2 protein chains.
Amino acid sequence: MRKKGEGKQSTSNQVYEILRRNIMNLTLVPGTPMSEKDISEKMKVSRTPVREAFIRLSNEALVSVFPQKGSFVSRIDLDRVREERFLRESLETSVLAQLIRNPEPLPLREVKQNLEDQDAALNREDKAGFLELDEEFHALLFDLADQPLCFSVMKSFSSHYRRIRYLSMSVSGVSRSNYDQHVELVRMIEAKDISRAESEMKHHLGKLDDEKEILLRQYPDYFMERELSVDDPFSINR
Amino acid sequence: MRKKGEGKQSTSNQVYEILRRNIMNLTLVPGTPMSEKDISEKMKVSRTPVREAFIRLSNEALVSVFPQKGSFVSRIDLDRVREERFLRESLETSVLAQLIRNPEPLPLREVKQNLEDQDAALNREDKAGFLELDEEFHALLFDLADQPLCFSVMKSFSSHYRRIRYLSMSVSGVSRSNYDQHVELVRMIEAKDISRAESEMKHHLGKLDDEKEILLRQYPDYFMERELSVDDPFSINR
DNA sequence: ATTGACATACTTGTATGGTAGTGTACAATA
DNA sequence: TATTGTACACTACCATACAAGTATGTCAAT
């Protein structure tokens, strides 16, 4: 039953967006059961659009569906975080290289406006706002390189990485260091210094490696168990 | 990797796999109308699993769904091909670099077995078989680098690139040059020659750039029109 | 107290009917 | 003849009913 006044988005899409947002900002905590019936009643829609949203969310590993058993908000998989970071690092540095290779001067106006907004968000201690601007910052770089597809791919496959990052900011509070690195990156782009830009990017993305252990101890339920298959209590290798 | 003889998959998954295979090998030609009802009747299942397969296929841009109008096999979008190639090149070179950086010798047995199989497929002029082995070749490299996620991402977002490649082989016939490049790549990996390996990879992936124009002329209906939005007959800029 | 059969209340998977948006063939009109 | 109104066929979207797998609590038998 489509709501009339609001836009032309399909119900299925709206459900998808709402669930995605709430999973990404950890309002829906990892491991939470999410039955199709439950969600459909809470959102006052039928099971169909909810189910279709689940399909898309499970493609991004945000929801884990176990047939005839249940669906759950995916727990954060640290091995996946590693792979998502590799993906991200690869694409970001490639885009960076392409931008710097480009001989003509880049229209960085929007990027610089974004940096100012980041500064403002930090001053307001607006955690969610800053993360959104962070994402937009990287999106702008991809757009400048004329590679929007790569950005959307990266976005779809940063779900675990970004959740752990959100968690990190919740614990350590918002930090200016990310912003400083963004500023530095733009400087390197303007200076056409490709090697320093790349190492700056690597440093930028690798930052939260140290915090992982702390978060793992503080929120153990948010993370996936090491074993995917069933426990073997008779196993001798442990 | 899924075990084969074991339990049957869901109907939805089967429909997805069948449609994907037939779209990728151009049995279902770009632009073909594919209504949910049609497909469901042809496959003797209900509309639901077909619809769910369509959702996943449209996420990979293999099917274009126009609400209340119809669903169609996506035409090949050359701009998307460009972006898919960028994605592919970025990830492949990153994996290559990681493999070569790794100090310990790599277990290349499987890779070399795959090369032999490629050779055999070429001698049989088995086009489809060679393309599968080609894909497996790259998959093996990603597995060696412990980055299976990146491979599956690349696979999901190579749909337009691979179709144009399939088309190219249909026209020009199978060629040994791809195989030769694979052999050369493995040699470069063993020699730990990162810069030559990277340029070899770029050359490997960029090969079919020249053929694009020919294919575009020969199969114009397979390709997407330049304009995505509606024509504006009042526009002055043209 | 322990075990085991079984009813029951969940879950997701699949089928189907109804709704509204969209294009088109065709007849009515000028 | 040219144009316009309209009925109809077709679509994807959504709601709902049913089917089948799974976990769990209850109760009887040992």
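Tutor: Let us begin with a definition: a crossing is called right-handed if the near helix is turned clockwise from the far one by less than a right angle, and left-handed if the near helix is turned anticlockwise. Please keep in mind throughout that this is a predicted model.

Student: Which hand does that give when α4(B) passes α10(B)?

Tutor: The crossing of α4(B) with α10(B) is right-handed, and by the definition this is the clockwise case.

Student: What makes α4(B) and α10(B) parallel or antiparallel to each other?

Tutor: The axes of helix α4 (residues 78-101) of chain B and helix α10 (residues 194-206) of chain B cross at roughly 155° and come within 10 Å. Angles over 145 degrees count as roughly antiparallel, and therefore α4(B) and α10(B) are roughly antiparallel to each other.

Student: Which residues make the contact between α4(B) and α10(B)?

Tutor: On the side of α4(B) they include B:R85, B:R88, B:E89 and B:L96, and on the side of α10(B) they include B:I194, B:A197, B:M201 and B:L205. Sorted by class, the residues of this contact of α4(B) with α10(B) are 7 nonpolar, 1 polar and 6 charged.

Student: Why are α7(A) and α4(B) called oblique to each other?

Tutor: Helix α7 (residues 148-156) of chain A packs against α4(B) at an angle of about 55°, and their axes are 8 Å apart. Under 35 degrees would be roughly parallel, 65 to 115 roughly perpendicular and over 145 roughly antiparallel, with the rest counted as oblique; α7(A) and α4(B) are therefore oblique to each other. The way α7(A) passes α4(B) is again a right-handed crossing.

Student: What residues bring α7(A) and α4(B) into contact?

Tutor: A:L149, A:C150 and A:V153 of α7(A) meet B:R80, B:E83, B:F86 and B:L87 of α4(B). The classes in this contact of α7(A) with α4(B) are 5 nonpolar, no polar and 2 charged.

Student: What makes α8(B) and α11(B) roughly perpendicular to each other?

Tutor: The axes of helix α8 (residues 159-172) of chain B and helix α11 (residues 211-218) of chain B cross at roughly 80° and come within 11 Å. The range for roughly perpendicular is 65 to 115 degrees, and α8(B) and α11(B) are therefore roughly perpendicular to each other. In their contact, B:I164, B:L167, B:S168 and B:V171 of α8(B) meet B:E211, B:L215 and B:Q218 of α11(B), and these residues divide into 4 nonpolar, 2 polar and 1 charged.

Student: How do you know how the two copies are related?

Tutor: Chain B is superposed on chain A by a rotation of 180° with 0.0 Å of shift along its axis, and the RMSD is 0.1 Å. The two copies are thus related as by a two-fold rotation axis. In chain B, the C-alpha nearest this axis belongs to B:S90, 3.1 Å from it. The same surface serves both copies, since 94% of the contact residues of chain B recur in chain A.

Student: How many residues of chain B are in contact with chain A, and which element gives the largest share?

Tutor: Residues count as in contact if their C-beta atoms lie within 7 Å, and 17 residues of chain B are in contact with 17 residues of chain A. On the side of chain B, α4(B) gives the largest share, 7 residues. By class, that side has 9 nonpolar, 4 polar and 4 charged residues.

Methods: Residues are numbered from 1 along each chain as its sequence is written. Chains are lettered from A and ligands numbered from 1 in the order in which they are written. This is a predicted model: local features need pLDDT of at least 70, side-chain atom pairs count only at pLDDT 80 or more; totals for chains, interfaces and linings use all residues. Axes are lines fitted to C-alpha atoms, for helices over the stretch in contact, and angles run from 0 to 180 degrees between N-to-C directions. Helices (H or I, at least four residues) and strands (E, at least two) are DSSP runs, numbered from the N terminus. Two residues are in contact if their C-beta atoms, placed from the backbone, lie within 7 Å. Ala, Val, Leu, Ile, Met, Phe, Trp, Tyr, Cys and Pro count as nonpolar, Asp, Glu, Lys and Arg as charged, and the others, Gly among them, as polar. Copies are superposed by least squares on the C-alpha atoms of residues with pLDDT of at least 70 in both.
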